[in-house]
Amino acid sequence: MDGGSILKLTTELEKRIDRWVDEHIERLAEDTCKLIRIESVSDKTSDVKPFGQGCRDALAKYIELGEAYGLKAHNYENYVAKLFVPENRGKAKQIGLMGHLDVVPAGENWIYPPYKGIIKGDWIIGRGSQDNKGPCLAAMYAVLCLRDLGIDLQYDVCALAGADEEAGMADAEYYARQPDIPDLILVTDSGFPICYGERGIARGWLKSRRRLSENIVDLHGGSAVNQIPDTAEIALRMTPSLKERWKAAPSLEARQAGETLVVTGRGRAGHIASSRETENAVGVLLRTVLEAGLLEDPADAEILSAAEKMISSRCGEVFRLSDAAEVRDVRCGCGIAGLEDGALKFSFNLRCPVSLDERRVLDQVVRYGEQAGFEPVEAGVLPSNYFPKERPVIQILNRVFNAVTGLALEPQVFAAGTHARKLPNAVAYGPGIPEPSYYPGKEALFPQGHGDCHMPDEAQSIPALKEALRIYIRGVIALDGEVLTKGEAT
């Protein structure tokens with residue numbers, strides 16, 4: 001230990017924290033709605049660098065909110081923003097609580113408006129409510145609580161917001177190079193309890209070597225590489241024989257549009273890290289047109305059939321990764337598919353258990369794709385992230401979570417990827433709580449395939465966010481004076 005915490009979490013202090021949280025949770029929900037109303041999809045092609053006007057506006061609003069509550073801000077060239085209490089500068093160490101303000105595209109099939117930011121019962125609804133604007137603001141509110149209650153720690157605590165987590169994490173890569181980066185960063189973009197590891201990711205694109213025939217006018221599905229699409233469409237050149245086959249398949253969701261027949265495939269959206277609970281609309285679409293015999297060119301059928309097997313493989317079993325038991329725990333998905341220069345091109349993204357070498361997984365995906373007639377494009381890996389489970393950071397934060405919730409969960413490995421894998425000393429910590437009582441009325445508000453991150457009608461449970469805020473405040477207090485590194489103290 002570096003000397004141990006000078007402050008203990010007494011019953012009286014916990015009561016003061018809880019009163020403060022009770023008094024501020026409504027405002028936290030309202031501030032989250034203000035951020036949801038900014039459509040902050042990262043766009044690196046924009047003239048507004050580095051991530052487009054929406055992300056810049058979201059960071060500006062985040063800073064505006066923090067400064068309105070008396071915090072000071074540092075904008076790191078619109079990659080990352082920091083909010084802090086200026087009087088705490090110069091302390092021995094600093095702990096950062098970091099989220100992100102960029103979001104995946106809204107997609108389709110919303111019941112509620114994606115960018116209006118509304119509160120309905122116990123829920124904040126809108127794109128980014130859960131991933132990650134609500135939790136990002138919970139980090140800021142944790143800093144405010146420590147300040148307002150006069151909790152004087154040995155370590156400083158700041159709040160951080162990135163703007164490119166969903167589209168490559170260039171924000172975290174930039175921030176990792178800054179000289180004033182905190183000694184430890186808790187990433188508020190996962191599930192509880194503490195996530196001491198994150199799966200390695202093999203990702204890229206596969207593109208068919210052969211072009212599709214002119215009978216396939218268009219094909220598109222998905223808008224983010226880490227989000228399973230719930231809608232996809234293919235436009236086929238209308239011919240007399242195609243019209244006959246269309247009429248012979250009354251259950252087909254299709255319409256005539258000019259000289260084409262547009263067929264729709266519908267699936268169940270979700271984050272690729274939860275691919276087992278999803279159904280890829282692109283795979284559904286390809287199976288539909290193949291089973292209905294709508295493709296007049298056998299070469300088209302061959303290409304789409306090979307693609308369907310890969311796109312629909314939710315655990316990556318089609319790629320014949322290995323016979324090892326852990327392969328069954330791979331999460332696999334395609335986020336975007338479309339035509340490029342007449343060829344079929346689609347993304348692939350596999351989340352691998354830390355016991356698997358993601359580079360070997362990538363090699364096998366590429367090898368299988370090449371055998372099926374597809375060439376790799378922009379293929380690469382994100383290495384797994386690992387924070388030794390026995391270190392004080394992991395053990396302390398896990399105990400805090402269990403003490404607050406009354407649960408008895410063990411530290412976990414996270415299937416999704418967070419900023420933690422791009423930062424030198426970071427670990428992911430909430431806000432998702434794996435306990436149904438924190439999500440009241442969810443089934444009544446949201447049909448299946450709605451309500452979670454990367455889904456239509458993304459929503460953040462206010463009771464769960466409130467509990468996460470209580471955990472974050474207690475967590476940084478419990479870490480005060482402790483060793484914060486992955487290795488031994490220096």
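The model I am reading is a predicted one. I looked up the angle between helix 1 (residues 11–36) and helix 2 (residues 53–68) and got about 155 degrees, with the axes 9 Å apart. The crossing of helix 1 past helix 2 is right-handed. On the helix 1 side I listed Asp 31, Lys 34 and Leu 35, and on the helix 2 side Ala 58, Lys 61, Tyr 62 and Leu 65. Sorted by class, this contact has four nonpolar residues, three charged ones and no polar ones.

I then checked the loop between helix 1 and helix 2, where Pro 50 sits. The bond joining Lys 49 and Pro 50 is a cis peptide bond, with omega at about 0 degrees.

Next entry: helix 3. What is the peptide bond from Asp 131 to Asn 132, and what is its omega? I found that bond to be cis, with omega near 20 degrees. Asn 132 has its place in helix 3.

I stayed with helix 3 (residues 129–148) and looked at helix 11 (residues 462–479); their axes come within 9 Å and cross at roughly 50 degrees. That angle makes helix 3 oblique to helix 11. I noted the crossing of this pair as right-handed. Helix 3 brings Gly 134, Pro 135, Ala 138, Tyr 141, Ala 142, Cys 145 and Leu 146 to the contact, and helix 11 brings Leu 465, Leu 469, Tyr 472, Ile 473, Val 476 and Ile 477. Which classes do the residues of this contact divide into? I have 12 nonpolar, one polar and no charged.

Helix 6 passes helix 7 in a left-handed crossing. From helix 6 I wrote down Val 282, Gly 283, Leu 286, Arg 287, Val 289 and Leu 290; they meet Ala 301, Leu 304, Ser 305, Ala 307, Glu 308 and Ile 311 in helix 7. By class the contact has eight nonpolar, two polar and two charged residues.

How many cavities of 30 Å³ or more does a search of the whole structure find? The search finds one. The volume of the largest cavity is about 40 Å³. Its lining is made of Asn 215, Ile 216, Leu 236, Arg 237, Thr 239, Leu 242, Leu 294, Leu 295, Glu 296 and Asp 300. I sorted these lining residues into five nonpolar, two polar and three charged.

I also looked at the second largest pocket, with a volume of about 230 Å³. It is lined by 19 residues, and Gly 107, Glu 108, Gly 222, Asp 230 and Thr 231 lie nearest its centre. Strand 11 (216–221), strand 12 (227–228) and strand 13 (231–237) each supply at least two residues of the lining. Which strand gives the most to the lining of this pocket? I found strand 13, with three residues. The lining as a whole has eight nonpolar, seven polar and four charged residues.

Last entry: Asp 341. I found a positive phi of about 55 degrees there, although Asp 341 is not a glycine. Asp 341 lies in the loop between strand 18 (337–340) and strand 19 (343–352).

Notes:
Residues numbered from 1 in each chain as written. Predicted model: local features only at pLDDT ≥ 70, side-chain atom pairs only at ≥ 80, totals over all residues. Heavy atoms only, no water. Axes fitted to C-alpha atoms, helices over the stretch in contact; angles between N-to-C directions. Helix = DSSP H or I, 4+ residues; strand = E, 2+ residues; numbered from the N terminus. Left-handed = near helix turned anticlockwise from the far one by under 90°. Contact = heavy atoms within 4.5 Å. Nonpolar A, V, L, I, M, F, W, Y, C, P; charged D, E, K, R; others polar. 1 Å grid on protein atoms, 1.4 Å probe; cavity = no way out; pocket = protein on both sides within 12 Å on 5 of 7 lines; lining within 4 Å. Points joined across faces, edges and corners; volume = space filled by probe spheres on them. Parallel < 35°, antiparallel > 145°, perpendicular 65-115°, else oblique.
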